[in-house]
Amino acid sequence: MLSFEMNDRKRSMEIHVLGLLVETEIGLGLTGFGVFFSFLGIMFFFDKGLIAMGNILFFSGVALTIGLKSSLQFFSKRSNFKGTISFGVGFLLVIIGWPILGMILESYGFVVLFSFSAKDTYSRLDLPAALYQIDPPYGYSNGIP
C-alpha cells in the first residue's frame, strides 16, 4: 500500500509505505543490519571491521528511525549521560582497534541506556492494572511443573 500525503505547512510530499515513512523503514533496516554485522563480528572472534561497520549502521539506523532531533535529545538527557559516554567510548575503542574492551563498554552503555523496569514497561503499554496482579498457573507458582 503506497500513499502520498501533502503537508500544507511545509509544502513537501511524504511517501508512506505500509503506514510507515520511508525514512523509518530504512532506519529499521539499517538498525537490523547493524545488529547483524555486530553479531557476525563477535562470531568471527571480535573482528574489528565488522563490529565497527555494525556500530555505524546501528547509529545511523536509530537516527533515521526516531529522527535526528529525537535521538540527540535521547542521548543528551542528563539521566542518560553514563550510558551515552560509555557507549561512545566503547565505539571509539572498537574503531581504534580494541574490539573486546570496546564491546564490553558498549554493552554496558546499551544496558544503561535502553533498560527500564518491568513496571515502566507495563505502564508504557497501557495495560489495565488488573493484569499486573495475575498469578501464573498453580503448578508453576509452587515449583511443580
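Me: Which residues are buried in helix 5?

Reply: Happy to start there. This is a predicted model, in which local features need pLDDT of at least 70 and side-chain atom pairs count only at pLDDT 80 or more, while totals for chains, interfaces and linings use all residues. Residues are numbered from 1 along each chain as its sequence is written, and side-chain values use heavy atoms, with hydrogens and water left out. A residue is called buried under 20% relative accessible area, exposed over 50% and partly exposed in between (1.4 Å probe, protein chains only). In helix 5, the buried residues are Pro-99, Gly-102, Met-103, Glu-106, Gly-109 and Leu-113. They share a side of helix 5, because their arc around the axis is only 130°; the arc is taken from the directions from the helix axis to the C-beta atoms.

Me: What span should helix 5 have, and what is the distance between its end C-alpha atoms?

Reply: The expected span is 1.5 Å times one less than the number of residues. Helix 5 covers residues 99-114, so its 16 residues should span 22 Å, and the end C-alpha atoms, 21 Å apart, agree with that.

Me: How many helices and strands are there in the protein chain?

Reply: Helices are DSSP runs of H or I with at least four residues, strands are runs of E with at least two, and both are numbered from the N terminus. The protein chain has seven helices and three strands. Read from the N terminus, the order is β-β-β-α-α-α-α-α-α-α. Of the 145 residues in the protein chain, 23% are buried.

Me: Which residues of helix 1 are buried?

Reply: For helix 1 the list is Thr-24, Gly-27, Thr-31, Gly-34, Phe-37, Ser-38 and Gly-41. These residues lie on the same side of helix 1, because they cover an arc of only 150° around the axis. The span fits as well: 22 residues should reach 32 Å, and the end C-alpha atoms of helix 1 are 31 Å apart.

Me: How far apart are the C-alpha atoms of Ile-66 and Leu-28?

Reply: Their separation is 9.5 Å, although the two residues are 38 residues apart along the chain. Ile-66 belongs to helix 2 and is partly exposed at 43% relative accessible area.

Me: How many aromatic pairs does a search of the whole structure find?

Reply: A ring pair is described by the distance of the centres and the angle of the planes. Rings of Phe, Tyr and Trp (its six-membered ring) pair with centres within 6.5 Å; planes under 30 degrees apart are stacked, over 60 edge-to-face, and the rest tilted. The search finds eight aromatic pairs. One of them joins Phe-36 and Phe-37 edge-to-face, at 5.9 Å centre to centre with 70° between the planes. Phe-36 is partly exposed, at 43% relative accessibility. Phe-59 and Phe-87 form an edge-to-face pair too, at 5.3 Å and 85°. That pair links distant parts of the chain, 28 residues apart: Phe-59 is in helix 2 and Phe-87 in helix 4 (residues 81-96). Phe-59 is partly exposed at 29%, while Phe-87 is buried at 7%.

Me: Which residues do ring pairs link into a cluster?

Reply: The cluster consists of Phe-58, Phe-59, Phe-74, Phe-75, Phe-87, Phe-91, Phe-110 and Phe-114.

Me: Which residues of helix 4 are buried, and which are exposed on the other side?

Reply: The buried ones are Gly-83, Ser-86, Phe-87, Gly-90, Phe-91, Leu-93 and Val-94. Their arc around the axis is only 160°, so they lie on the same side of helix 4. On the other side of helix 4, Ile-85, Leu-92 and Ile-96 are exposed. Ile-96, for its part, has 60% relative accessibility.
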